[in-house]
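Hi everyone, thanks for coming.

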Amino acid sequence: MIDFTEIDSDGEIWELFSRDLLQELGFYVEHSVDRGPDGKKDLIVSELLNGNLGKYKFKWLVSCKHFANRQSSNSVKESDEPNILERVQSFNCDGFIGLYSTVPSSGLNTRLTQLKENGNLKDYRVFDYKLIENYLLRIGYANLLMRYFPNSYKKVKPLHLITGKYIPLNCKVCDLDILQEMFKNQYAANYVQIYEYVDQKEHIKDVYWACKGQCDDKIRFNLSKGLHSNWQDIGDIVIPTKFLEWTLATMNQIESGHFYYNKKAFKKEKEFIIAISQKVMREMTQEKKDRIGKFREIGI
Ligand SMILES: [Zn+2]
């Protein structure tokens with residue numbers, strides 16, 4: 001989903017990206033250190049760990065390797081990470097982090113496991129491309145994605161915070177977060193209005209959202225007598241033009257008197273609009289966020 005070759009191969013930008021990612025993840029970036037004759041740098045980051053009696057600092061040596069642009073055999077091998085233990089020890093670090101735009105070779109994995117098992121290295125972590133991708137697709141990381149992977153950002157359409165906190169769109173039946181699920185399958189869920197005809201008008205009594213198939217069928221095929229349903233594919237509603245059309249059509253129906261809602265359904269429809277806005281709208285720049293002041297709850 002994310003094209004790591006968007007970052008050029010000389011490695012400097014990858015180091016900056018690694019630093020920013022670790023910072024977003026809550027590590028404190030201490031400084032960077034020269035790795036040796038290749039002119040590349042390792043990072044030193046730290047975090048506070050909670051022990052039984054107090055907090056203590058754990059220092060990590062971070063090796064950033066960007067091999068995504070290599071044509072073949074682009075895994076990070078043991079020979080690409082010489083003297084791991086010496087590097088960790090010489091900067092008084094406790095653990096080792098490999099931050100790679102590809103994957104570690106099985107040889108390197110074995111080497112790291114051995115160092116830990118022998119007690120030479122307290123701990124190690126590898127952030128491979130898949131794990132990094134998982135982080136970048138989470139809510140709150142869109143800025144980083146936009147800055148370092150602008151083309152992927154356009155394709156992925158990550159979720160954006162519109163209010164102070166992320167609002168999930170949970171399936172009414174199984175509770176799965178439909179917004180997260182849409183990264184795998186955009187067309188996985190429906191938005192449904194339940195209505196009855198009163199004086200030839202549609203009285204909307206309830207609205208809900210649910211996964212297509214089993215979840216949605218469970219509700220829609222068991223409606224009480226006299227109740228009907230309108231449904232829309234959420235995968236379509238989140239397409240910007242469609243979003244606007246759908247919102248305006250609803251307003252027109254209300255204005256014409258053909259639709260009317262009970263209070264609960266109307267409130268839920270507004271909640272739905274806010275939740276999918278996190279998918280439809282674009283990321284705000286810091287300047288825009290500053291302009292509207294702090295993120296706030298949106299009154300409905
Ligand atoms: Zn479901």
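Let me start with the largest nonpolar core: it has 64 residues, and F17, L136, F149 and I234 touch the most other members. Please keep in mind that this is a predicted model. Strand 7 supplies the largest share of this core, six residues. For the two domains, the C-alpha centres are 44 Å apart.

Let's zoom in on I234. Leaving aside residues up to four places away in sequence, I234 touches L169, I178, M182, A189, N190, Y191, W209, F272 and I276. There is also a second, separate core of 16 residues, with F67, V88, F96 and L108 among them.

Four strands form an open sheet in the order 8-6-7-9, and the pairing is mixed. On average, neighbouring strands here are turned by 40 degrees against each other, direction ignored.

Strand 6 (residues 189-198) and strand 8 run antiparallel, joined by six bridges. In that pair, I194 stands opposite S229 of strand 8.

Finally, the helices. Helix 10 (residues 240-256) lies across strand 6, strand 8 and strand 9, at about 90 degrees to strand 9. Helix 11 (residues 263-280) packs on the sheet too, touching strand 6, strand 7 (201-211) and strand 9, and its direction makes about 45 degrees with that of strand 7.

Notes:
Residues numbered from 1 in each chain as written. Predicted model: local features only at pLDDT ≥ 70, side-chain atom pairs only at ≥ 80, totals over all residues. Heavy atoms only, no water. Pairing = 2+ DSSP bridges. Helix = DSSP H or I, 4+ residues; strand = E, 2+ residues; numbered from the N terminus. Axes fitted to C-alpha atoms, helices over the stretch in contact; angles between N-to-C directions. Contact = heavy atoms within 4.5 Å. Domains from an automatic or database assignment. Core = buried A, V, L, I, M, F, W, Y, C linked by side-chain atoms within 4.5 Å. Buried < 20%, exposed > 50% of the residue type's maximum accessible area, 1.4 Å probe, protein only.
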